[in-house]
Amino acid sequence: MLTVDFSRFPLAPGDRVLDLGCGGGRHAFEAYRRGANVVALDQNGEEIAEVRKWFAAMELAGEAPAGASAVAMEGDALNLPFDDDTFDKIIISEVMEHIPDDKGVLAEMVRVLKPGGLLAVTVPRYLPEKICWALSDEYHEVEGGHIRIYKGDELVEKVRESGLEPYAEHHAHALHSPYWWIKCAVGVNNDKALPVRAYHQLLVWDIVGTPVISRITKAAEKALNPVLGKSFVVYASKPRRAGS
């Protein structure tokens, strides 16, 4: 399930791409499939080990074009182990709401992004997230949990203040908002509750269902995203230097 829209965030074969706070690696895998040279970075060593295994499996299965590469590594988002102007594209998805110094993370991304490069940042959208917080303390009051809720214009302004130029935005995953509201209402870790199991099946159908079911769920989500989208996505570019 991708949050970044690659029609708004185009990748070219050979692009150097950083998936910062990659988690399970979903966006890193997609970038690799598209022929990029990918670095997936996260502070969670267990997740990095899994992402590394999947990169190796993808290579064996021939899922990535010749010439593409993929590396998974542990690292600190506030102290990236890369030279200035290293990456053509950077993705940071559902990460900044966890980090106290979000401006520091933006500054580091700007530093390692090439002039003319693109950034895609996604965070939980304000209203669906606010409802989750109201329904459940357990949802966010955990170690490493969400510490802030962004309003859309606040995030856009922070991106702009970092020196980047926002050029597009949208909402995603409307079908996931009611799912998380249900989980928050019955207990975040109570996956056996009937409403949770029933709604989870709907989400599974959306991903692996028949073409007819998938068309219906995707059409419904597209229509609902502007109202209920669980994630807010901002795209921005790093200005080119004068004379370049």
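What follows is a chat about reading the sheet, the helix packing and a few single residues in this predicted model.

Me: Before we start, what should I know about the model and the numbering?
Reply: Residues are numbered from 1 along each chain as its sequence is written, and side-chain values use heavy atoms, with hydrogens and water left out. The model is predicted, so to speak of local features we need pLDDT of at least 70, side-chain atom pairs count only at pLDDT 80 or more, and totals for chains, interfaces and linings use all residues.

Me: Let's take the sheet. In what order do the seven strands lie?
Reply: Helices (H or I, at least four residues) and strands (E, at least two) are DSSP runs, numbered from the N terminus. Two strands pair if DSSP finds at least two bridges between them. Here you get an open sheet in the order S3-S2-S1-S4-S5-S7-S6, with mixed pairing.

Me: Which strands are at the edges?
Reply: Strand S3 (69-74) and strand S6 (165-172), each of which pairs on one side only.

Me: How much are neighbouring strands turned against each other?
Reply: Axes are lines fitted to C-alpha atoms, for helices over the stretch in contact, and angles run from 0 to 180 degrees between N-to-C directions. Ignoring direction, neighbouring strands of this sheet are turned by 15° on average.

Me: What does S4 pair with, and in which sense?
Reply: Strand S4 (residues 87-93) pairs with S5 in the parallel sense over six bridges. S1 and S4 also pair in the parallel sense, over three bridges. For landmarks on the S5 side, Ile90 has Leu119 as its bridge partner, and Lys89 stands opposite Leu118. Towards S1 (16-20), Val17 has Lys89 as its bridge partner in S4, while Asp19 has Ile91.

Me: Which strands does helix H1 touch?
Reply: Contact means heavy atoms within 4.5 Å. Helix H1 (residues 26-33) packs on the sheet and touches S1, strand S2 (37-42), S3 and S4, with its direction making about 170° with that of S2.

Me: Now helix pairs. How do H6 and H7 cross?
Reply: Angles under 35 degrees count as roughly parallel, over 145 as roughly antiparallel, 65 to 115 as roughly perpendicular and the rest as oblique. The axes of helix H6 (residues 176-186) and helix H7 (residues 194-208) come within 10 Å and cross at roughly 160°. That makes H6 roughly antiparallel to H7. For handedness, a crossing is left-handed if the near helix is turned anticlockwise from the far one by less than a right angle, and right-handed if clockwise. H6 passes H7 in a left-handed crossing.

Me: Which residues of H6 and H7 meet?
Reply: From H6, His176, Pro178, Tyr179, Ile182, Lys183 and Val186; from H7, Pro195, Val196, Tyr199, His200 and Leu203. For residue classes, Ala, Val, Leu, Ile, Met, Phe, Trp, Tyr, Cys and Pro count as nonpolar, Asp, Glu, Lys and Arg as charged, and the others, Gly among them, as polar. The H6 and H7 contact divides into eight nonpolar, two polar and one charged.

Me: And how do H7 and H8 cross?
Reply: The axes of H7 and helix H8 (residues 211-228) come within 7 Å and cross at roughly 110°. H7 and H8 are therefore roughly perpendicular to each other, and their crossing is left-handed. Leu202, Trp205 and Asp206 of H7 make the contact with Ile213, Ser214, Thr217 and Lys218 of H8. These residues divide into three nonpolar, two polar and two charged.

Me: Now single residues. Is Lys158 buried or exposed?
Reply: Lys158, in helix H5 (residues 152-161), counts as buried because its relative accessibility is 16%. Leaving aside neighbours within four places in sequence, Lys158 is in contact with Asp102, Lys103, Leu106 and Tyr150.

Me: Where is Val188 found?
Reply: Val188 is in the loop between H6 and H7, and is buried, with a relative accessible area of 12%. With neighbours within four places in sequence left aside, the contacts of Val188 are Ser136, Glu138, Tyr139, Trp180 and Lys183.

How values were computed:
Buried < 20%, exposed > 50% of the residue type's maximum accessible area, 1.4 Å probe, protein only.
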